[in-house]
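I opened this entry to keep track of what I looked up in the structure.

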Amino acid sequence: MINKDIIEKLKHAYDYKYMLVSRETETRDQEMFKMTVYPRLSRDTKKSRNLIPKKKDMPTEIYGGYTNNSDAYMVIARINKKKETEYRVFGVPMRELVNLRKAEKKGHYNAYLKQVLEPEIMYNKNGKRNKTISSFEIVKSKVPYKQVVLDGDKKFMLGSSTYVYNAKQLTLSQDAMQAITDNCENDTDEEKALIETYDEILTNIDKYLPLFDINKFREKLHAGRGKFVDLPLAEKKDTILQVLNGLHDNAVMPKIKSLGLSTPLGFMQFSSGVPLSENAKLIYQSPTGLFEKRVKISDL
């Protein structure tokens, strides 16, 4: 028998016009770096590039190296500053995975993990101590990819320590679905229906997707309405599908030049790590999405 909590969850999803979606989280244990190896820079070039050595005894100024590290999983750290406390997501480098496993067996995993992350958190890119940070603690030591987070009215999943993806699946009305699936009697009706569908999408993202204020996506979609109205019918259909792909509960980030969007829709990056408020909650879901547990990060 379905209990009352499940009934309320289904009603909540219907009232707020999004679907219950669950996803499988994952950690990684494959390549240690992005596979492209870059050569050393010549002395006469003005371009700078911070490279990761291919081996400890191979300095990058001589042998070149990798530009990007691959992370096995993520952590959430509480950073104590002089005037405030903040929470931020950081990646755990794949190259440290073997050492971390050894440390875990010996019972000092957390101490070694903090040692690994200290240079990234406590020092700037020039290797100098960040004077604004007094200390940090790791509040969640193993955070998988696609971990769902609810932070205020924003619901997203962690694509990495620096990327987030939307985790709310919007639904459209029956009329909008008919317009998208070519169920209109003539081109005039279809033209009108597609414009109404675009307006419905704008209304829904204003109500339910504040996450898309990142990079001003909501503002840009509103500003692009005039361009959408002027598009030929066939291009209107294609643009609607691209917008829906960008708003979808996944990592798709389409380039929608027809609306004047210079940034791919859904591209949400935080170069210094994903920031979280103290009220943010980690959501652990059952495969069906009907059962979940929420843990507030400030309680960890």
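**Cavity**

I then asked how many cavities of 30 Å³ or more the structure holds. The count is one.

Next I listed the lining of the largest cavity. It consists of Tyr165, Asn166, Phe212, Asn245, Gly246, His248, Asn250, Val252, Gly266 and Met268. I also looked up which elements supply at least two residues each to this lining, and found β10 (164-166) and α9 (233-247). Sorted by class, the lining has four nonpolar and six polar residues, and no charged residues.

**Five-stranded sheet**

I noted an open sheet of five strands in the order β10-β9-β8-β13-β14, paired antiparallel. Which strands are at its edges? They are β10 and β14 (292-296), and each of them pairs on one side only.

I went through two of the pairings. Strand β8, residues 148-151, pairs with strand β13, residues 281-285, in the antiparallel sense over three bridges. Within that pairing I found Val149 opposite Leu282 of β13, and Leu150 has Lys281 in β13 as its bridge partner. On to β14: β13 and β14 are antiparallel and pair over five bridges. For Gln285, I found Glu292 in β14 as the bridge partner.

**Four-stranded sheet**

I then turned to the other sheet on my list. This open sheet has four strands, ordered β7-β5-β6-β12, and its pairing is antiparallel. β7 (133-143) and β12 (275-276) are the edge strands with a single partner strand each, so one side of each has no neighbour in the sheet. I looked up how β12 is held in the order: strand β6, residues 85-93, pairs with β12 in the antiparallel sense over two bridges. Arg88 is the residue that stands opposite Pro275 in β12.

Which strands of the sheet does helix α3 touch? Helix α3 (residues 97-106) packs on the sheet and touches β5 (71-81), β6 and β7. The direction of α3 makes about 70° with that of β5. I checked helix α4 (residues 109-122) as well: α4 lies across β5, β6 and β7, and runs at about 125° to β7.

**Confidence**

Last, I looked up the pLDDT. The chain has a mean of 82, with 76% of its residues at 70 or more. Over residues 9-18 the pLDDT stays under 50, and the model has 19 contacts for this stretch beyond four places in sequence. Residues 44-48 are also below 50, and that stretch has two contacts in the model beyond near neighbours in sequence. Where pLDDT is low, predicted coordinates should not be read in detail. I therefore leave the contacts of residues 9-18, where pLDDT stays under 50, without a detailed reading.

Terms used:
Residues are numbered from 1 along each chain as its sequence is written. This is a predicted model: local features need pLDDT of at least 70, side-chain atom pairs count only at pLDDT 80 or more; totals for chains, interfaces and linings use all residues. Side-chain values use heavy atoms; hydrogens and water are left out. Two strands pair if DSSP finds at least two bridges between them. Contact means heavy atoms within 4.5 Å. Axes are lines fitted to C-alpha atoms, for helices over the stretch in contact, and angles run from 0 to 180 degrees between N-to-C directions. pLDDT is the predictor's confidence in each residue, from 0 to 100. On a 1 Å grid over the protein atoms alone, a cavity is a set of points where a 1.4 Å probe fits but cannot get out, and a pocket is an open set with protein on both sides within 12 Å along at least five of seven lines; lining residues have an atom within 4 Å of a point. Grid points are joined across faces, edges and corners, and a volume is the space filled by probe spheres set on the points. Ala, Val, Leu, Ile, Met, Phe, Trp, Tyr, Cys and Pro count as nonpolar, Asp, Glu, Lys and Arg as charged, and the others, Gly among them, as polar.
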